[in-house]
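Please look over the sequence and the model before reading on.

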Amino acid sequence: MPSRVANYPALSEEAFMARASARLEEVYGPRRDEIMRRLMTLLMHQRSALDTSPRPTWSERDQILITYGDTIVDGERPPLEVLDDFLTTRLNGTFSGLHILPFFPWSSDDGFSVIHYREVNPKLGDWQDIRRLASRVDLMVDLVINHVSRDSLWFIDYLSGTQPGRDYFIEMDPETDLSMVTRPRNSPLLVPVSTRRGTRHLWATFSEDQIDLNFANPDVLLEFIGILLFYVQQGARIIRLDAITYLWKEVGTTCVHLPQTHAIVRLLRAVLDFMAPGTLLITETNVPHHENMSYFGLERQGLERQSPERQGRSDGEASQSMPDEAHMIYQFTLPPLLVHTLTSGDATTLADWARSLPALPPGCTYFNFTASHDGIGVRALEGLLPAHELEILLELMHRFGGYVSMKTNADGSDSPYEINITYYDAMKGTRRGPDAWQVERFLCSQNLMLALQGIPGIYFHSLTATLNDHGGVERSGKLRSINRRRWPKEELDELIDSRSTPTREAFTSLKRRLNIRANEPCFHPEAAQRVVDTPPGIFAIERGPLANGRRLLAIYNISDTRQPLEIEELNDGEWYDVLKDGKRWSPHPEERDILRPYRSLWLVQP
């Protein structure tokens with residue numbers, strides 16, 4: 001396991017009860033005491049099965065692979081066993097963590113319509129496979145908390161009018177004015193359902209097969225706290241709160257980021273800090289950046305500029321001053337902004353955005369990524385790119401073989417929600433069209449992400465430079481299938497082992513860069529970040545300086561032309577190239593003061 005330098009403070013029983021009671025009052029008002037008693041009974045019953053000793057948080061060695069449980073298939077072998085074999089033979093020591101996308105029985109959306117939360121899909125393997133993977137790396141598990149499959153036992157209970165599922169869902173009169181509700185889809189919000197009591201209309205944010213759960217019923221909350229702790233017992237180190245943005249519903253509001261949603265996130269955080277300290281919570285909120293940041297608790301606590309020194313305080317002081325929502329948030333702005341930057345050849349918007357990032361609160365960090373099982377969300381670009389620039393980007397992605405998914409707005413109109421394309425094919429060219437720089441441009445995007453403050457996540461199909469899977473879209477009828485290919489193991493092995501394929505080049509290059517990154521202390525998530533002044537064709541950041549004075553410059557040519565190295569910091573003493581075994585750096589004699597297209601430099605001053 002990776003070595004880490006800091007321990008997260010455990011929450012005492014007294015501090016937990018104070019926090020939990022306050023959060024329950026925010027959500028349920030006068031029912032607080034009754035629900036608190038039930039919660040403590042649940043926790044005390046579970047506590048003996050959990051390790052309550054504090055665990056370390058993170059270090060520069062933390063790097064997470066994102067994958068489905070069956071991204072690699074090999075005949076009749078359980079896919080989770082195949083994945084474990086691939087990690088140990090091909091990627092041993094490269095990743096500290098593994099995010100296995102929902103591995104439960106499911107009915108749609110490639111796992112995000114869960115039928116049973118406490119079972120492993122038998123087509124993938126079993127809990128023994130999950131626990132074995134968790135023993136090797138830090139395991140990230142999805143808590144698909146907003147909705148459940150129509151095939152679930154809870155929904156069958158609802159249809160028959162029996163408990164507990166009878167009150168687990170949100171019935172709504174179809175004549176209710178729900179025009180203010182923010183939608184991530186363009187499907188109907190209310191789904192008609194035939195029950196023993198006649199036709200009812202249920203809230204369904206994402207699809208007619210994914211029925212939203214009613215957290216106004218505390219039984220639902222307590223059920224999910226039990227599921228959360230069960231995942232921790234199976235070895236989960238990181239819990240991902242899927243679609244948490246939409247958790248609480250209130251007619252007459254947008255139904256996103258409501259105070260009750262934040263209170264429930266803070267309650268789940270308190271449960272983890274008390275029951276399994278060091279278990280990390282990450283919120284998946286595909287929204288504009290300033291909204292995403294609120295899941296650190298910034299707007300509530302005014303922590304935008306808190307200094308790192310506060311991390312050394314006692315448990316009592318920490319419980320008052322440290323953020324108590326998510327440990328990590330997804331950096332949703334990064335994927336579309338990097339595509340814009342590398343296809344336009346202009347880093348101005350990227351640099352301005354990176355400069356605008358507030359100092360991270362103590363005990364919090366970003367989860368940086370470029371690609372995932374979802375598309376490349378574009379809502380995070382609101383306020384960053386003018387409308388005409390976004391239109392250019394969307395049209396370019398169409399030209400590169402991608403699609404655009406839409407969402408429904410309050411006025412009934414549709415607008416772009418995400419681009420559906422593999423990240424490798426998103427880098428097929430520039431605004432002038434496809435060119436010969438696809439591999440180099442793609443690797444530049446990954447290398448740039450790896451240097452940013454936070455913890456990096458690499459989607460499996462980025463590791464393998466996977467092409468758009470149009471066949472998958474045709475088979476499933478779902479646009480997101482373009483980036484969810486299943487690799488036959490024999491084919492993938494052949495591509496990795498061949499002398500000259502994009503898959504081999506991406507795999508070997510990223511593996512090497514990840515292994516270098518994991519041994520560079522300037523990439524610690526808490527090391528400071530500063531954007532360096534550069535011409536538009538260059539993007540550069542400084543990480544550090546650390547307490548011992550060590551600092552690192554990460555420099556990128558984000559264009560398809562040679563760029564002058566007009567960076568003042570390069571004249572500030574001697575620099576050493578960590579990509580070349582720490583040798584003293586100087587520009588190539590034949591290209592003095594020039595950075596070739598899409599090349600990157602990692603230079604340090606020890």
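With which side chain does the side chain of arginine 90 make a polar contact of 3.2 Å? The partner is the side chain of aspartate 493.

**Basis of the model**

This is a predicted model, in which local features need pLDDT of at least 70 and side-chain atom pairs count only at pLDDT 80 or more, while totals for chains, interfaces and linings use all residues. Residues are numbered from 1 along each chain as its sequence is written, and side-chain values use heavy atoms, with hydrogens and water left out.

**Arginine 90**

Arginine 90 lies in helix H3, residues 79-90. Helices (H or I, at least four residues) and strands (E, at least two) are DSSP runs, numbered from the N terminus. Arginine 90 counts as buried because its relative accessibility is 18%; buried means under 20% relative accessible area, exposed over 50%, and partly exposed in between (1.4 Å probe, protein chains only).

Besides the contact with aspartate 493, the side chain of arginine 90 makes a polar contact of 2.9 Å with the side chain of aspartate 497. A polar contact is a pair of N or O atoms within 3.5 Å; within protein, one must be able to donate a hydrogen and the other to accept it, and residues adjacent in sequence count only if both atoms are side-chain atoms.

**Strand S22**

S22 pairs in the antiparallel sense with strand S21 (residues 538-543) over 6 bridges, and arginine 543 has leucine 552 of S22 as its bridge partner. S22 also pairs in the antiparallel sense with strand S27 (residues 600-605), over 6 bridges. There, isoleucine 555 has leucine 601 of S27 as its bridge partner. Two strands pair if DSSP finds at least two bridges between them.

**The largest pocket**

The lining of the largest pocket has 27 residues, with Asp109, Gly477, Lys478, Leu479 and Arg480 nearest its centre. On a 1 Å grid over the protein atoms alone, a pocket is an open set of points where a 1.4 Å probe fits, with protein on both sides within 12 Å along at least five of seven lines; lining residues have an atom within 4 Å of a point.

Strand S14 (403-408), strand S15 (414-420) and helix H17 (470-476) each supply at least two lining residues. The largest share, 3 residues, comes from H17.
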